[in-house]
Amino acid sequence: MKKKSLRTKLVSGFMALLMGIGVIGGVSGKTDKSYAATSVSGVSAISDLPRDFIRGVDISSLPAFENAGTNFYYLDGTSGDMFDILKGAGVNYVRLRIWNNPFDSSSPYKGYGGGNSDLYNAKVLGKRATDEGMKVFIDFHYSDFWCDPAKQFAPKEWKDYSLSEKKTAVYNYTYWALSELMDYGVNVGIVQIGNETNGSMCGVGGLYDNVWDLSSGVAALMQQGCYAVDDINSAYGKNIQKALHFTDLNENGAWYASCLNAQGVDYDIYATSYYPMWHGTASDLTTTLTSIARTYNKKVMVAETAYPYTLDNLDSTSNTVSGYCMNYQNYSVSASGQATAVRDIAAAVNKVNTNYKSGYGLGVFYWEPSWIPTSQSAWGTYGTGWASSSSGNYEKLYSSSVQYYSTEDKGSSWENMALFDTNGVAMKSLYVFNDMAGLSSTTSSGSSGSSSSSGGSSSSTSSGTTSGSTLDGTYYIRSKFSGKYLNIASGSSENNANLEQYTYSGSSAQKFKLVSDGSGYYTIYTGASSYSKVLDVAKKSSADGANIAQYTSNSGTNQKFQLVEVSSGVYAIKTKISGSASCLDVYNWSSADGGNIAQYSYWGGDCQLWYLEKAH
């Protein structure tokens, strides 16, 4: 996506079963025609739409909103888990971007924003999607922040790598990340190697050497990513498809397809961004995609599309799409216009199946339908804005000035393009995904819509499931990040003995007893003190960096902790003194024995997540 730099009972159950059929890897030949479903969005069904046609969304930024306490609702205003809402609207695939390390390199390691979309978030979102019967499309940027034709910065850690070293890094990172996703139970169907790579990628190519035909290293990097997908397929017995992603299709899509062919890149899907207000008509889209599919025998898809329902700015950050950049306005700026635009884009892609060959026009993804406005305090703290004040530090690694990112916290630049209103309520346009397939939608939580596997009310799903008294007991507590265990330094029984991490020893110093106070919080007694003392936030501070130590129990709020299960068996240990805004954190991302444990604002990174292992 180019950021600021440019621009619902039987039939329903049967249809849900059909939508669970794999999308890529075989030609269905069969279609969902007409089921006399009432169209919520107002669009008509697409004739002969394959039942495995991708009706997807990119939902990458969702964790930032949930962590910030944002709630989402069905069309009728009843609350629900986002994935239940999306499934009820007909979404069968989700796209998730991955940035290598979207956090500042120095304390306090603030996220760059844009959802802070790292591998951890992709794993959690991907598993939630998989559990709803959806497939997952992984979008590797090979950068630490936004990539598009104007900016393709390499990750911080790869800043000084040669092309040869970047090739190795792309392969290794792709293979490792996909292994993590596979092992976590994510049903990956497509992997995208690079994002809007119009001649450049990972600090290589036209933006850097004025060679735009992919021959100066971009094709080589793409191929390494493809090799990694191939090897994952062999190792896991999968058939994950390899996509390459470009934009400005009508102007240069055919040329980039020819460049890929000339460079011999072995891929499966030519993916494009196609925004109706920027890129032209649906007819143009069909023409170019059909030509690419026919000429190079490649499957094709729209990896990103969206359209505004208003041109108003709904927060204090200016929008990517406003009146001055509506190059084409073939649809009304309204929820109805959104739905019609998406339906037409999908129909245009589907025409490739009749114009060339069945199974080659794969589908369409709507970009970030839930990126609504939030409070200004959430922009930088949780990453709900398009960029935070720390993002400029990343750009300055490669440039003397900050042109594309930011030196201050920014809000949403996309809220007028969302399929949810500013209160998080689904608009009728969201239901275009079922409507285009002639399927019924679920527009209310009803008796089952609130049956979210992640915890019922929207307030609990926003940050995980708060566990009750069932956690009472004695545990070893292991860091998800380092694999080391909470430990009272030197096994001391004295007040102010420090809480640190250390290699497993099984000693009393690494045993902690959780005792519920009956109101959602726990006192954590330390084995080192023979359970006579407790964990304590030093000086009753609510500040980031406040130390955690052992101290005589006084039942203060600085000695109370909330255990929040953010994914199966994985917990954040939040501090009451901070109003549960902060948590136990492996400070400075230390992986060493003795690494300090401090209080820090919760953002969901692995350094803030813990496994509880029963001790006796």
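## Close-up views of a predicted model

**View 1. A nonpolar patch on the surface.** Leu207, Tyr208, Trp212 and Trp255 come together as a nonpolar surface patch with about 380 Å² of accessible area together. This is a predicted model, in which local features need pLDDT of at least 70 and side-chain atom pairs count only at pLDDT 80 or more, while totals for chains, interfaces and linings use all residues. Residues are numbered from 1 along each chain as its sequence is written, and side-chain values use heavy atoms, with hydrogens and water left out. Patch members have over 30% relative accessible area and no salt bridge; like charges are joined within 9 Å and nonpolar side chains (Val, Leu, Ile, Met, Phe, Trp, Tyr) within 5 Å. The areas come from the Shrake-Rupley method with a 1.4 Å probe, and for residues only the protein chains shown count as cover. Look for tryptophan 255 in helix H8 (residues 249-263); helices (H or I, at least four residues) and strands (E, at least two) are DSSP runs, numbered from the N terminus. Tryptophan 255 counts as partly exposed because its relative accessibility is 41%; buried means under 20% relative accessible area, exposed over 50%, and partly exposed in between (1.4 Å probe, protein chains only).

**View 2. The nonpolar cores.** The largest nonpolar core has 121 residues, of which Val94, Tyr270 and Leu430 touch the most other members. Helix H11 (residues 335-355) supplies the largest share of this core, nine residues. A second, separate core holds 28 residues, among them Ile524, Val537, Leu563 and Ile597. Here a core is a set of buried Ala, Val, Leu, Ile, Met, Phe, Trp, Tyr and Cys residues joined through side-chain atoms within 4.5 Å. Beyond its neighbours within four places in sequence, valine 94 has contacts (heavy atoms within 4.5 Å) that include Val57, Phe83, Met134 and Phe365.

**View 3. Cysteines without a disulfide.** Searching the whole structure turns up zero disulfides, a disulfide being a pair of cysteine sulfur atoms within 2.5 Å. For cysteine 583, the nearest cysteine sulfur belongs to cysteine 607 and is 7.6 Å away. Cysteine 583 is buried, at a relative accessible area of 0%.

**View 4. Backbone geometry worth a second look.** Most residues other than glycine have a negative phi, and most peptide bonds are trans. Serine 107 and proline 108 are joined by a cis peptide bond, with omega about 10 degrees. Proline 108 sits in the loop between strand E4 (93-98) and helix H4 (119-131). Aspartate 248 has a positive phi, near 55 degrees, and is buried at 18% relative accessible area. Serine 490 also has a positive phi, of about 60 degrees, but is exposed at 79% relative accessibility.

**View 5. Salt bridges.** The whole structure contains 22 salt bridges, each a side-chain nitrogen of Lys or Arg within 4 Å of a carboxyl oxygen of Asp or Glu. Aspartate 131 pairs with lysine 127 at 2.9 Å, N to O; these two are separated by about one helical turn because they are four residues apart in helix H4. Lysine 151 and aspartate 148 meet in a salt bridge at 2.5 Å, N to O. Lysine 151 is buried at 0% relative accessibility, and aspartate 148 is buried with a relative accessible area of 0%. Elsewhere, Asp58, Arg95, Arg97, Asp139, Glu304 and Glu368 are linked in a salt-bridge network.
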